[in-house]
Amino acid sequence: MKYSILLKLTGHVLGASIFLNIAEAGIQHLCASNIATTSVYYTPDVNRICGQSVPCKSFKKEVRLQGSGTLPGGKIYTYTGKTSKLDTSCDTTIGSSGKCLIPFISVAADMRYYEPGDIIQMPSLKGKIINLPDGSKMVHPGYLVVQDTGGSIRGPNRFDFYMGSMGLRDPRTGKINRENSFGYSASRDTRMVDASECSDSKSFTVVRRGSVSYETSLAAIDDALRDVSGNTRMALASITRHRLPAGFQ
């Protein structure tokens, strides 16, 4: 996997959580203030859905819900119907922060309450084995990074968890993806798919940029990503515009 520094794209935002999910639009309920109200989103791939490189009707429909989808050659197809070229250092999509999203680490949040780069600490995730889209596994650090926003993501404890190219169901058969660590078959500690599930396993705290514990939190994310890809300098640069902590440069 590759996670990159700020990418400059023109004309529109590629945030994968931008489009309002109609199923969630009717949800007015939020969990208690210290419990995250969660849902999930991903970046659909044209070949997996259409069986070809040309966008089909099903792919376009999914992109309208998710915000963007991937095309061959490192390209992103957006909900507006436009195509943009990704930098070679990013193989997912770009959030509203302008940063390359990191599967199972990046989240969308309400920017009235958060700034891009803020960290969400969720202790129940720490140490859990996460299945990644490329078939590798990650020991989750228990931290998530605000890098996106969305039409249905409203409230100080409302978050949308990004899963890379891994959806909740097989795009062709419709069967539940049992390998999805945030999905329907996940354990209670990692299941994030249901916004109406207010489990105490979703308790969280916020680590603000510039706080005393911020760099320690970044280091924990760095350690988790180091075990996966080794491209940690780029991963950390995708989270913050600040100078990287000593030892990471």
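Mentor: In this predicted model, a disulfide links C31 to C198, with 2.1 Å from S to S.

Trainee: Which parts of the chain does the pair of C31 and C198 link?

Mentor: Distant ones: C31 lies in the loop between α1 (22-25) and β1 (37-41), and C198 in the loop between β10 (158-162) and β11 (205-207), 167 residues apart.

Trainee: Is the link of C31 and C198 left-handed or right-handed?

Mentor: Read the angle about the S-S bond. For C31 and C198 this angle is -85 degrees, and the link is left-handed.

Trainee: Is C31 buried or exposed?

Mentor: The cut-off for buried is under 20% relative accessible area. C31 has 6%, so this cysteine counts as buried.

Trainee: How many disulfides does a search of the whole structure find?

Mentor: The search finds three. Another one is formed by C50 and C56, whose sulfur atoms are 2.1 Å apart. The angle about the S-S bond of C50 and C56 is -85 degrees, which is a left-handed link. Both C50 and C56 are buried.

Trainee: Where does C90 come in, and which cysteine does the disulfide join it to?

Mentor: C90 is joined to C100, with an S to S distance of 2.1 Å. C90 and C100 are both in the loop between β4 (83-85) and β5 (106-108), ten residues apart. The link of C90 and C100 is right-handed, with 85 degrees about the S-S bond. C90 is buried because its relative accessible area is 5%, and C100 is buried because its value is 0%.

Trainee: What is the pairing when the bonded cysteines are numbered in sequence order?

Mentor: For the protein chain, the pairing reads 1-6, 2-3, 4-5.

Trainee: Now a charged residue. Where is the place of D148?

Mentor: D148 belongs to strand β9, which covers residues 143-148.

Trainee: What is the nearest side chain of opposite charge to D148, and how far away is it?

Mentor: For a salt bridge, the test is a side-chain nitrogen of Lys or Arg within 4 Å of a carboxyl oxygen of Asp or Glu. The nearest side chain of opposite charge to D148 is R154, 10 Å away. D148 has no salt bridge, although this residue is buried.

Technical notes
Residues numbered from 1 in each chain as written. Predicted model: local features only at pLDDT ≥ 70, side-chain atom pairs only at ≥ 80, totals over all residues. Heavy atoms only, no water. Helix = DSSP H or I, 4+ residues; strand = E, 2+ residues; numbered from the N terminus. Buried < 20%, exposed > 50% of the residue type's maximum accessible area, 1.4 Å probe, protein only. Lys, Arg positive; Asp, Glu negative; His and termini not counted. Disulfide = S-S within 2.5 Å.
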